[in-house]
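Me: I am new to this structure and would like to learn about its pockets. Could you begin with what the word is taken to mean?

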Amino acid sequence: MLRYLATPRWFGWLALVLVLAAACTALGLWQLDRRDQAAATVNTVQANYDRTPVPYSPEFFEAFEENAEWTPVTLVGEYDSAGQRIVRNRPLNGRPGYEVLVPLKLKDGTAVVINRGWLPIGNDQAGRPDDVPPAPDGEVTVVARIRPAEPALDRSAPAGQLASIDLAEYREQLGYPVSTAAYGLLASETPAPATAPVAPAKPAIDLGPHLSYSMQWFAFGVLLFVGLGYAARQQYLIDHEDAGAPPVPARARRRPSSEEEEDAILDARGL
């Protein structure tokens with residue numbers, strides 16, 4: 001059997017199986033890496049989301065730190081409603097819609113962008129919400145959770161809208177200092193407005209199916225070798241019989257079924 005397999009034909013099949021098994025292993029490791037990323041996100045949410053709000057500090061929004069994401073921060077300032085923007089293509093629970101960004105001007109002369117929440121697509125005019133609840137006037141105390149800025153997208157947006165939460169582009173439109181590393185996802189406003197956009201729900205604490213997917217890819221890699229061994233054995237038996245070689249030892253032969261034994265007895269009796 002070993003001499004039978006030591007041919008270019010079977011070496012070629014073995015090489016193909018090795019390549020496919022390596023691909024399965026790489027995909028399994030990729031799924032494990034994604035699970036590690038999901039676990040890190042879950043740990044950050046669990047550690048920070050329900051914390052007692054901390055006082056505002058510029059470094060929270062000027063240099064984003066992953067371990068500070070979702071931390072609630074208390075800010076005091078005035079909304080610049082004239083600088084409000086709508087972010088396009090922001091689904092929520094499977095529904096298309098928008099998110100509302102408003103700069104909050106602070107007493108130190110800088111500003112932090114606040115995401116005030118979600119609005120559904122409108123029915124009156126295509127590409128815009130029907131109504132945007134106004135931000136409170138005058139001084140307001142805001143509790144917002146730290147979220148990282150988003151990258152720029154290679155697509156444009158209508159006037160008054162943004163394609164993504166690209167804070168660098170937003171600052172250029174505003175023309176005054178705005179923190180561009182992170183923004184605040186609104187948790188509460190004081191005084192509270194009569195109406196407000198829909199607040200997003202707490203992120204799901206779920207690691208996803210990455211572990212099971214990785215195990216499946218590793219199993220596929222092992223099954224490739226099992227399949228190659230089975231195919232080689234079956235082909236060896238076929239070639240062995242075609243060449244008129246002596247019968248394969250009993251332990252290598254398949255035991256006949258009951259139906260096959262019955263047919264053999266009938267044939268022997270001429271029935």
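Reply: On a 1 Å grid over the protein atoms alone, a pocket is an open set of points where a 1.4 Å probe fits, with protein on both sides within 12 Å along at least five of seven lines; lining residues have an atom within 4 Å of a point. This is a predicted model, in which local features need pLDDT of at least 70 and side-chain atom pairs 80 or more, while totals for chains, interfaces and linings use all residues. Residues are numbered from 1 along each chain as its sequence is written, and side-chain values use heavy atoms, without hydrogens or water.

Me: What volume does the largest pocket have?

Reply: About 380 Å³, taken as the space filled by probe spheres set on grid points joined across faces, edges and corners.

Me: Which residues are closest to its centre?

Reply: Of 21 lining residues, these are Trp70, Glu99, Leu185, Pro200 and Ala201.

Me: Which element gives the most to that lining?

Reply: Strand β8, with four residues. The elements giving two or more are β5 (111–120), β6 (139–148) and β8 (182–190); strands are DSSP runs of E, at least two residues, and helices of H or I, at least four, numbered from the N terminus.
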